[in-house]
Amino acid sequence: MSTQGKKVAILGCTGSIGDTCFKVLDNLQGEFAIIGLSGGAKEEKLIQRALSWRPSQVCVMDEQARERVRSEVPEAEVLCGAEGLIEIATNPDVELVLNGLVGAIGLPPTMAALAAGKTVAMANKEPLVMAGGLVLQQARLGGGTVLPLDSEPNAIWQCLKGEDSKGLRRIILTASGGPFFGRSLEQMREISPAQALDHPTWKMGPKITVDSATLMNKGFEVIEASWLFGVEIEQIDIVVHRQSVVHSLVEFVDGAMLAHMGKTDMLLPIQYALTHPERREVPIEPLDLALLGQLDFAEPDRVNFPCLDLCYEAGRRGGTAPAALNAANEEAVAAFLAGDIGFLDIGDLNRRVLDDCKAEEVSDLDLVFAEDDRARRQAREWVASRQ
Ligand code: MG
């Protein structure tokens, strides 16, 4: 293990966020040392990364993988499962945790890292969606900090630097619109998993790519942004911007707007989160505005993409409602990818589970996970009833 540089742990290091994190780390040679790495199904990739970056701890998700990684990477302590993620995230040597996990599994290690006073850079948006109030409370109590890695909240963070929050009127999140922008409901009924996984501008993992196709991902970003930037759900608007060049905007009370623009590459927000307040060169051609010619904006289609308004509703109701919606959606997306339900069923299933949620006030994580559990059971029953 190198002792030079800022000490980081990367959770979910073999997914698309992990891939980009390593590009950034390669670009900033010598400035970071890796203390911990976690990975799921892509064991070979995890082993290769552990061999070249030599972390002291590696976490896998099952015991079989643990044995294999142990024999390939004998120098590292090999941990396993949810407990292993927490151990890596709270390792006393770690200063910065990059959370590239997918889904609710990222919530406990995020809370633990913040309680231990770490900075947590989040690409994993589900923890803030499920329990944003608890996450931020934990950060305050433990002295930790939450930084946004994803392009839209990262853009807003950059636009708001040095601004007084009293002057902020609105946050405007841009949405690529996904691969099915402009289609009729009839056409959308037949969408296959392969079609939903083919995103026009961003290359991402399967869960978030389907969430982008349903616009659920954008709705989650509304809830996430309301926590991160301390604004009401109603102060956040969405505009479809097919080119994905404007990464988001803020509007102030005097009507002035600031937009964050740049190439469509996750390397940019991830590197900024790692180096801020400093900026570094990147191995990417800058944006050519004349070549681009124009920027297009449009209203999102709230009828064909009902998941967007479900997120607004869950955000307004608060309490356990966003956690229920998130759990239903994780189950719905898995069932869609498995071929068990259709694309439009994702919205129907999410609506049913949200309707049955009591939106109880969230005082601790147990309540959040109890609702997560209830919502998943309801979702699975509904999927089974359709077979
Ligand atoms: Mg995003």
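A residue is called buried when its relative accessible area is under 20%, exposed when over 50%, and partly exposed in between (1.4 Å probe, protein chains only). The model is predicted: local features need pLDDT of at least 70, side-chain atom pairs count only at pLDDT 80 or more, and totals for chains, interfaces and linings use all residues. Residues are numbered from 1 along each chain as its sequence is written, and side-chain values use heavy atoms, with hydrogens and water left out.

**Exercise 1. Find the protein donors of the magnesium ion and state whether Glu 152 and Glu 221 are buried or exposed.**

Step 1. Donors are N, O and S atoms within 2.8 Å of the metal (3.2 Å for Na, K and Ca); water is not among the atoms, so sites may look incomplete.
Step 2. Asp 150 (OD), Glu 152 (OE) and Glu 221 (OE) lie 2.0 to 2.2 Å from the magnesium ion.
Step 3. Along the sequence, the spacing of these donor residues is D-x1-E-x68-E. Helices (H or I, at least four residues) and strands (E, at least two) are DSSP runs, numbered from the N terminus.
Step 4. Glu 152 counts as buried because its relative accessibility is 8%. Glu 221 is buried too, at 1%.

**Exercise 2. Work out why α14 is described as largely enclosed.**

Step 1. List the buried residues of α14: Cys 307, Leu 308, Leu 310, Cys 311, Tyr 312, Glu 313, Ala 314 and Gly 315.
Step 2. That is 8 of the 11 residues, so the rest of the structure largely encloses α14.
Step 3. Name the elements that these buried residues pack against: α10 (206–214), α11 (216–228), β9 (236–240), α15 (321–337) and α16 (343–355).
Step 4. Look past the helix: Gly 318 follows α14 and has a positive phi, near 70 degrees.

**Exercise 3. Describe the surroundings of Ser 212.**

Step 1. Ser 212 sits in helix α10.
Step 2. With a relative accessible area of 9%, Ser 212 is buried.
Step 3. Leaving out residues up to four places away in sequence, Ser 212 touches Gly 178, His 199, Met 204 and Asn 217. Contact here means heavy atoms within 4.5 Å.
Step 4. For Lys 118, the separation from Ser 212 is 94 residues in sequence and 30 Å in space, C-alpha to C-alpha.
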